[in-house]
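Biologist: I'd like to learn how to read a protein model. Can we go through it feature by feature?

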Amino acid sequence: MAKVLIVGAGAAGLMAAGAAVRQGHQVTVLEHTDKPGQKILVTGKGRCNVTNDCTAEEFLHHVRTNPRFLFSSLGAFPPARTMELFESLGVELKVERGRRVFPVSDKAEEIRQALLRYAQDAEIVYDGAKKLLLEELPPEPEAAPAVPENPRHPKKKKAGPALRCVGVRGTSGKEYRADAVLVATGGVSYPTTGSTGDGYRLARQAGHTLVEPVPSLVSLVSHDPDCKKMMGLALKNVTLTLKNQKKKVVFQEQGEMLFTHFGLSGPLVLSASAHANWSRDTYTAVLDLKPALEEEKLEARILRDIAQAPNKAFHNFLEGLLPRRMVPVRGAGVDIAPDLPVNALTKAQRRRLVEAMKHFALPLAGPRPIREAIVTAGGVKTGEVDPGTMMSKKTAGLFFAGEILDLDAYTGGFNLQIAWCTGRAAGEGAARYSKEERE
């Protein structure tokens with residue numbers, strides 16, 4: 001029986017294990033934590049946004065990095081097949097706003113348990129991977145060309161892999177031999193869940209180029225003192241616009257966000273962060289606190305409210321327009337005395353108030369540390385991996401899947417779907433390769 005060894009029991013690793021087992025192979029999964037699939041438990045705020053109920057073609061528009069690499073694997077295992085698989089494993093699913101797919105139970109643990117059932121015939125060994133076991137391949141014999149070469153324009157022959165991966169030495173010192181080795185160790189975000197970047201070391205050992213890992217889908221830092229004053233305040237139905245230093249809009253969306261002691265967080269902010277390139281630009285977050293009202297309609301509403309309570313103090317008047325904890329911040333921002341009767345507001349002051357609610361600008365200093373990111377951007381260069389089988393072009397018998405690859409997408413279930421489809425492709429690819437090696 002052919003042997004497949006998988007390093008990492010996360011979303012991609014467990015999906016690959018289940019796929020390889022179903023090819024009739026002996027599958028061993030190395031996991032260096034005591035709980036497989038831990039990172040699944042923190043996705044979707046603990047609810048697990050399993051995938052997005054869209055077509056493969058639509059899906060690719062939401063992939064930020066190297067979408068073309070996913071043509072084959074996503075085409076073979078699109079979101080619809082992901083949903084079918086989890087439903088066949090006993091998980092009832094529902095579709096929410098933005099076509100985000102969640103378990104009806106709203107419990108990520110249900111998805112983790114379903115994956116463990118899917119991969120139940122694989123053996124999980126609790127050990128880390130210290131290094132790959134590599135062997136040199138004999139040089140390929142040169143075949144005579146079917147058509148004589150033009151001596152003036154000789155064709156460059158593509159060299160095949162010089163190495164073959166035949167196993168892994170665990171951190172325990174034990175050697176695990178296999179016909180194929182699949183690395184699905186994730187990135188470096190949420191290291192407490194097991195994503196500690198170990199796979200990068202293994203990839204380098206096999207001769208792979210690594211695109212520098214950076215945080216994606218991460219909270220953003222703002223040193224504006226207003227953020228700390230409103231720490232803990234959650235906003236719903238606001239529009240966040242991300243502008244670069246040239247005032248160009250790079251992101252705009254309506255939804256929910258949160259003020260923190262360091263700046264901004266929440267779903268809107270995480271989505272916006274994936275559109276920023278901090279090595280090349282600086283950004284400002286601009287909040288529209290009343291996106292349902294155009295500026296003229298908002299001013300007309302303010303005038304109606306003033307007419308109903310002309311002697312109300314400006315501070316109390318703002319409580320009818322804004323969350324209470326935001327009132328002193330935005331009130332100070334428009335430079336209007338808190339006790340001023342609202343019927344004394346000038347037209348210029350009313351315009352400043354409208355501007356403060358429609359264009360609340362907060363300069364951003366950058367992302368939070370990569371260890372806090374939901375997703376790691378960067379990783380193994382996709383040009384060095386076969387997109388159909390996920391096998392390394394550098395080292396025969398070595399496969400990659402999931403977040404270790406230089407692939408990342410926006411929020412909405414897209415990153416987990418990348419784990420599912422690359423894991424499926426790698427598991428089946430490793431199984432086929434193992435069988436060929438045995439034969």
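Biologist: Let's start inside. How many residues does the largest nonpolar core have, and which have the most contacts inside it?

Modeller: The general idea is that in soluble globular proteins, nonpolar side chains tend to be buried together. Keep in mind that this model is predicted. Here the largest nonpolar core has 82 residues, and Val27, Phe86, Val181, Phe400, Leu405 and Trp420 have the most contacts inside it. Helix H13, residues 414–438, gives the largest share of this core, 11 residues. There's also a second, separate core of 42 residues, with Phe251 and Leu264 among them.

Biologist: Okay, and Ser271: where does Ser271 lie, and what is Ser271 in contact with beyond its neighbours in sequence?

Modeller: Ser271 lies in helix H8, residues 267–273. Leaving aside neighbours within four places in sequence, its contacts are Leu217, Phe251, Glu253 and Thr411. Ser271 counts as buried because its relative accessibility is 5%, and the cut-off for buried is under 20%.

Biologist: Now charges. How many salt bridges does the count come to?

Modeller: Side chains of opposite charge can pair when their charged atoms come close. In this model the count comes to 22 salt bridges. One of them joins Lys358 and Asp288, at 2.9 Å from N to O. Lys358 sits in helix H12 and Asp288 in strand S17, so the pair ties together parts that are 70 residues apart in sequence.

Biologist: Are those two partners buried or exposed?

Modeller: Lys358 is buried at 9% relative accessible area, and Asp288 is buried at 13%. Elsewhere, salt bridges that share partners join Glu135, Arg164, Arg169, Glu175 and Arg177 into one network.

Conventions. Residues numbered from 1 in each chain as written. Predicted model: local features only at pLDDT ≥ 70, side-chain atom pairs only at ≥ 80, totals over all residues. Heavy atoms only, no water. Helix = DSSP H or I, 4+ residues; strand = E, 2+ residues; numbered from the N terminus. Buried < 20%, exposed > 50% of the residue type's maximum accessible area, 1.4 Å probe, protein only. Contact = heavy atoms within 4.5 Å. Core = buried A, V, L, I, M, F, W, Y, C linked by side-chain atoms within 4.5 Å. Salt bridge = Lys/Arg side-chain N within 4 Å of Asp/Glu carboxyl O.
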